[in-house]
Amino acid sequence: MPVIILGLLHLYIGVRLLPDLVSNPVLRVGGALLLVVSCVLMLAGLMSRSMQSRTVADRVAALGLLAMSLFSSLFVFTLLRDLVLLVAIVALPVRHVHLLMAATAQLVVGLAAFVTVVGFAGARRRARIVSIEVPLANLPPALHGFLIAQISDVHVGSQIKQQYVDAIVDAVNGLDADLIAVTGDLVDGTVHDLSRHIAPLGRLSARHGTFLVTGNHEYYSGEPAWTAEFTRLGLRVLLNEHVVVRHGGAPLVVAGVTDYSAHHFNPEQRSDPVAALFGAPTDAAARILLAHQPRSASAAATAGFDLQLSGHTHGGQFWPWNLFVRFQQPFTAGLHRLNNLWIYISRGTGYWGPPNRFGAPSEITLLRLVTA
């Protein structure tokens, strides 16, 4: 069924674009062949994990994902073009419609190529540093200016490797943060395949350590093995639990929950912000929750947290999919308020799937706690 659907979608693009794009039959055949190649590359990319050679599999996956990026934009712009033409057929004379059909076909291809190229450059560019101030009520002077460096959604796998992770670690260590928060989806693959590429995370350094929570992709990739590997590297994995950090004598609670969907993989790991806060000192100056998905925010607010750090959404990663995030998550990116809870959603430090970050640049976030 996926093969049939993918083929039909490519057929739709070809039927709707090629007749208005070129008049030469040879060029039309060439365009049709390019669409066939795109479809084949995407299918090969989806099946690449079953290949014996890891190097070949990664290269096939890269080509398939690049084809997917271009296809995504072509499909969206072709669909929008048809909606425009539908209105034009009703509102304009026939000769104007024919002119519009030719012009918009060229525009669709140009826009799709532009989004693909710019998005690819954005995906492969090193994550930028985003500085955010979070005002917390009753924050003691000792914690005013407390710095948290957050990384999220690196997705080390077929496309993101050790060199990329090394650069992230160097950038984070250069921030001289008091604490490092890793909010899930670090990996896409097994410990056996990726341990070498994830190893630089062992160099992460902050005054009070590095804390990590699981994302849904850790569960796809074998959470128990990854939790053990992260622990071996010196990262503190928080599974519905908390630690108390004392900074300048002031207690700060740092809690973490398992991914919102964890119970589908392990019923004993159901995400639970209340359990994560259980037994925390009542005189804590601030209560911070690491939760991979923003939709943990409602339970976090009820549990009494002051700040939640999340990822998962990638900020939509590239247009127009950022417009659909709100159908699943309460927030897409940035700093938001839910009752007494602040929630910050990172756009992610890597990318997943198509190498495309158009309008949603990757980030390393430096959050500074300040007195409200």
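A salt bridge here is a side-chain nitrogen of Lys or Arg within 4 Å of a carboxyl oxygen of Asp or Glu. The model is predicted, so local features need pLDDT of at least 70 and side-chain atom pairs count only at pLDDT 80 or more, while totals for chains, interfaces and linings use all residues. Residues are numbered from 1 along each chain as its sequence is written, and side-chain values use heavy atoms, with hydrogens and water left out.

Salt bridges number 13 in the structure. One of them brings together the side chains of Arg287 and Asp306, at 3.3 Å from N to O. This pair ties distant parts of the chain, 19 residues apart: Arg287 sits in strand β8 (residues 286–290), Asp306 in the loop between α10 (297–303) and β9 (307–310). Helices (H or I, at least four residues) and strands (E, at least two) are DSSP runs, numbered from the N terminus. Arg287 is partly exposed at 22% relative accessibility, whereas Asp306 is buried at 17%; buried means under 20% relative accessible area, exposed over 50%, and partly exposed in between (1.4 Å probe, protein chains only).

Strands count as paired if DSSP finds at least two bridges between them. With strand β1 (residues 128–136), β12 pairs in the parallel sense over nine bridges, and Val130 has Thr365 as its bridge partner. Strand β2 (residues 147–151) runs antiparallel to β12, joined by four bridges, with Ala149 opposite Leu366.
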